[in-house]
2 protein chains.
Amino acid sequence: MAISGPLKLNFQLMGADGPAIGPGKAMVLEAIEQAGSISGAGRLIGMSYRRTWLLVEALNKDWRERVVETRPGRGKEGGAQLTPFGSALLSDYRAIEGRMMAAADGEDLQRLIEARKGED
Amino acid sequence: MAISGPLKLNFQLMGADGPAIGPGKAMVLEAIEQAGSISGAGRLIGMSYRRTWLLVEALNKDWRERVVETRPGRGKEGGAQLTPFGSALLSDYRAIEGRMMAAADGEDLQRLIEARKGED
């Protein structure tokens, strides 16, 4: 979910079985990039290991190329990193999201922002 | 939810108590415009009378001006229409949404669309 002030954006690109990428999966990819493992990524974003792992599985299934590469390790301790394809996917998603947020701005948005109650 | 091919957009403008406008409320406003009553609007979009009515109440509470005006009538049969403010709110929301959808387009989006599986 991209958030800018009072504006919240949830944008998804649908695949054959539901969203192939959306805010949740993008957040997981970012967290893997930072944490270097699926378990570390889950801890970083407050998501259970199981749910994080399921989102990674879905990502690897829904795209033509692998998105996350896992390295062998003991159970949850194995490392994980984005493939070059996964990095490009994440940065494309963020770029599109950024353009959409920028496009929201305008007189009409300012008018709506000011017309809400309790925002004196 | 604005949908264009595989792209789904949910954009919300937050108020003091949650989204002041978003896809669900915009849909209700459009349905009231078409149906001329809250009950008719609910039928049009497959939403219960109660939920439709609650969204209208929230809209009338969250903005500085009334968004929907109800006309007296027997129970659920009373009519409803957008105020001039409500019409302007809906059209501003749709305009912002349209710009955001248009801004999504680009080489990166095309790349993502083609990189999904099962879309030969």
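The crossing of helix α1 of chain A with helix α4 of chain A is left-handed, a term used when the near helix is turned anticlockwise from the far one by less than a right angle. This is a predicted model, in which local features need pLDDT of at least 70, side-chain atom pairs count only at pLDDT 80 or more, and totals for chains, interfaces and linings use all residues. Residues are numbered from 1 along each chain as its sequence is written, chains are lettered from A and ligands numbered from 1 in the order in which they are written, and side-chain values use heavy atoms, without hydrogens and water.

Helices here are DSSP runs (H or I, at least four residues), numbered from the N terminus. Their axes are lines fitted to C-alpha atoms over the stretch in contact, and the angles run from 0 to 180 degrees between N-to-C directions. The packing values are as follows.

| Helix pair | Angle | Axis separation |
|---|---|---|
| α1(A) (residues 23-35) and α4(A) (residues 84-104) | about 130° | 10 Å |
| α1(A) and α3(A) (residues 49-62) | about 105° | 10 Å |
| α1(B) (residues 23-35) and α3(B) (residues 49-62) | about 105° | 10 Å |

Angles under 35 degrees count as roughly parallel, over 145 as roughly antiparallel, 65 to 115 as roughly perpendicular and the rest as oblique. By contact is meant heavy atoms within 4.5 Å. The residues of α1(A) that meet α4(A) include M27(A) and E30(A), while Y93(A) and R94(A) are among their partners in α4(A). This contact has 7 nonpolar, 2 polar and 3 charged residues; Ala, Val, Leu, Ile, Met, Phe, Trp, Tyr, Cys and Pro count as nonpolar, Asp, Glu, Lys and Arg as charged, and the others, Gly among them, as polar.

α1(A) and α3(A) are roughly perpendicular to each other. Among the residues that meet there are V28(A) and I32(A) in α1(A), and L55(A) and L59(A) in α3(A). The residues of this contact divide into 7 nonpolar, 2 polar and 2 charged. In chain B, α1(B) and α3(B) are likewise roughly perpendicular.

Between the chains, the contact takes 40 residues from chain A and 41 residues from chain B. The buried area is about 3600 Å², of which carbon and sulfur atoms give 57%; buried area is the accessible area (1.4 Å probe) that two parts lose on being put together, summed over both. In chain A, R64(A), L112(A) and K117(A) lose the most area to chain B. Of the interface residues of chain A, 100% are also interface residues in chain B, so the copies meet through the same surface.

Note on methods. Helix = DSSP H or I, 4+ residues; strand = E, 2+ residues; numbered from the N terminus.
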